[in-house]
Amino acid sequence: MKPIGHRIIRLEEVHSTNTLLLENEQYMDEHGLVALARHQTQGRGRMGRTWTSLSGRQLQFSVVLHPPLRAEELPAMSLVCGLAVARALEESNGLSPRLKWPNDVLIEGRKVCGILVESRPGTSGEQRLVVGIGINCRGPSADYPEDIRGGLTTLEEALTILGRGPVDEEEVLQAVLAELESLHERLVRGEMSLVLEEWKHRAVLKGQRVALDTPAGRREGQPLDITSEGYLLIELDGGERIRQISGEVLWLEPLH
Ligand code: BTN
């Protein structure tokens, strides 16, 4: 298996780096292949949302991964990728990012990176994933559209507060790819449970309040833990415990 990042396709502009890889069978067969673009015209986010792409201000790339996991274990990969980014930002820039289930990366409670994981099994049933990573690097959050700027930050903004900088996107990219490689090697060794322990250590979970929409209407509760598949375990007000498999929960309190 070639290392993650052994080949990087660098583009000025593309519709979406995730879509580019997903639409090409040869790309999907190449574990470790990366597609990176300065600008995306149709960047996609989780749950059918649009990813706002600001030309040259973000690190936007997608990676083909063939993880050594069964289909039912794939949701946990989403968490593993968030962990890779958090580790990389710590290593490359000395930041202390936290993780918000399933895979947002936060600095001081504000989102600095979003991740979209999509899967297309191969013809022999092997798992093939595209992990799309968007990191807000340059400029102030005020440059982003009004409806999202309140909840996000950029690496430059976070580093300026600490009296540090500038941001080196290439260094961040290489750090993320190295962390993905290191975590992938741990999964090959069967160490998913240890990896998820580290995820929990860095996660915003306990002591927070969340709301979620259930068939019985909006319910509130408290996140307790994550399961070995990467699901979020929540205790609803009233004591019932449920597993949130995918989608979103609304975090009702500021995240720090
Ligand atoms: C989210 O927070 O909703 C996920 C955002 C994922 C954005 C990245 S940018 C690179 C890749 N290409 C896409 O179209 N989306 C992902």
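**Sheet and helices**

Q: Before we start, what kind of model is this, and how are residues numbered?
A: It's a predicted model: local features need pLDDT of at least 70, side-chain atom pairs count only at pLDDT 80 or more, and totals for chains, interfaces and linings use all residues. Residues are numbered from 1 along each chain as its sequence is written, and side-chain values use heavy atoms, with hydrogens and water left out.

Q: OK, what order do the strands of the sheet come in?
A: The open sheet has 7 strands in the order E1-E2-E3-E7-E6-E5-E4, with mixed pairing. Strands here are DSSP E runs of at least two residues, helices are H or I runs of at least four, and both are numbered from the N terminus. Two strands pair if DSSP finds at least two bridges between them.

Q: And which strands sit at the edges?
A: E1 (7–14) and E4 (98–100), each of which pairs on one side only.

Q: Which strand does E4 pair with?
A: E5 (residues 104–107), antiparallel, over 3 bridges. Arg98 stands opposite Leu106 in E5 there.

Q: Now E3. How many of its residues are buried?
A: 8 of 8, for residues 58–65. Buried means under 20% relative accessible area, exposed is over 50%, and partly exposed is in between (1.4 Å probe, protein chains only). Gln58, Gln60, Ser62 and Val64 are on one side, with Leu59, Phe61, Val63 and Leu65 on the other.

Q: Why two sets like that?
A: Side chains in a regular strand alternate between the two faces of the sheet.

Q: What are the pairings of E3?
A: E2 (residues 33–40) joins E3 through 4 bridges, antiparallel, and Ala35 is opposite Ser62. With E7 (residues 129–136), E3 has 8 bridges, also antiparallel, and Leu65 is opposite Leu129.

Q: Switching to helices: how far does H6 reach?
A: H6 (residues 169–188) has 20 residues and spans 29 Å from its first C-alpha to its last, close to the expected 28 Å. That expected span is 1.5 Å times one less than the number of residues.

Q: What's at the ends of H6?
A: Asp168 caps the N-terminal end, with a side-chain oxygen 3.1 Å from the backbone nitrogen of Glu170. After H6 comes Gly190, with a positive phi near 80°.

Q: Last one: is Glu198 buried or exposed?
A: Buried, at 19% relative accessible area. Glu198 is in H7 (residues 192–202). Leaving out residues up to four places away in sequence, Glu198 touches Leu83, Arg87 and Arg186, where contact means heavy atoms within 4.5 Å.

Definitions and conventions: A polar contact is a pair of N or O atoms within 3.5 Å; within protein, one must be able to donate a hydrogen and the other to accept it, and residues adjacent in sequence count only if both atoms are side-chain atoms.
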